[in-house]
Amino acid sequence: MNILWRIANKLYKLGFAGGGHFFKLIQCVLYANSVSAKCTIGAGTIFYHRGLGCVVHGSVVIGNNCTVFQNVTMGSKWSNGICKGGAPIIGNNVLIGAGAVILGNIRVGNNVIIGANAVILQDIPDDSIAIGVPAKIKKRGL
């Protein structure tokens, strides 16, 4: 992730929520995204195009060496105006295609490819590919 997110995240973790929020707002204005300073993003993870249009909930955990393309949403699931709680946990070495939506208290395994515009509402096992709306899951290499 970019330097502004890292500064906001560090300030938030040190107890300076106001400072973290300030840098998050700067990031939002400059890069047109809303990646919470509270979320966890692993080493080597990159948001292509500076995370243009991405929205990431504060409880999301993204593993190491992931690639996230533009306009991706990761957050809680809502139904009838009620938040169903929980946010996704993304494993290591995951590629998330442009426009993908990952919602709810789910786990995405390691070495997963999520296709562009896929809607993920269920757990995805390691070494899988998820494509479609709602996403269909296939083992990689089969």
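1. Which exposed residues does the face of helix 1 turned away from its buried side carry? They are Ile 3, Lys 10 and Lys 13, where exposed means over 50% relative accessible area, buried under 20% and partly exposed in between, with a 1.4 Å probe and protein chains only. Helices here are DSSP runs of H or I with at least four residues, strands are runs of E with at least two, and both are numbered from the N terminus.

2. A word on the basis: this is a predicted model, in which local features need pLDDT of at least 70 and side-chain atom pairs count only at pLDDT 80 or more, while totals for chains, interfaces and linings use all residues. Residues are numbered from 1 along each chain as its sequence is written, and side-chain values use heavy atoms, with hydrogens and water left out.

3. Back to helix 1, which covers residues 3–13: Leu 4, Trp 5, Ala 8 and Asn 9 are buried there. Viewed down the helix axis, these buried residues fall within an arc of 130°, so they line one face of helix 1; the arc is taken from the directions between the helix axis and the C-beta atoms. They pack against helix 2 (17–31), strand 1 (34–35) and strand 2, with contact meaning heavy atoms within 4.5 Å. Just after helix 1, Gly 15 has a positive phi of about 95°.

4. Four strands form an open sheet in the order 2-5-10-13, with parallel pairing; two strands pair if DSSP finds at least two bridges between them. Strand 2 (40–41) and strand 13 (107–108) are at the edges with a single partner strand each, so one side of each has no neighbour in the sheet. Strand 5 (residues 61–62) and strand 10 (residues 89–90) run parallel and are joined by two bridges, and Ile 62 stands opposite Ile 90 in strand 10.

5. The whole structure holds two aromatic pairs, counted when ring centres of Phe, Tyr or Trp (its six-membered ring) lie within 6.5 Å; planes under 30 degrees apart are stacked, over 60 edge-to-face and the rest tilted. Phe 22 and Phe 23 have ring centres 5.6 Å apart and planes at 85°, so this pair is edge-to-face. Phe 23 is partly exposed at 23% relative accessibility.

6. Tyr 48 and Phe 69 have ring centres 5.0 Å apart and planes at 5°, so they are stacked. Tyr 48 lies in the loop between strand 3 (46–47) and strand 4 (55–56), and Phe 69 in the loop between strand 6 (67–68) and strand 7 (73–75), so the pair ties together parts 21 residues apart in sequence. Tyr 48 is partly exposed at 38%, and Phe 69 is partly exposed at 24%.
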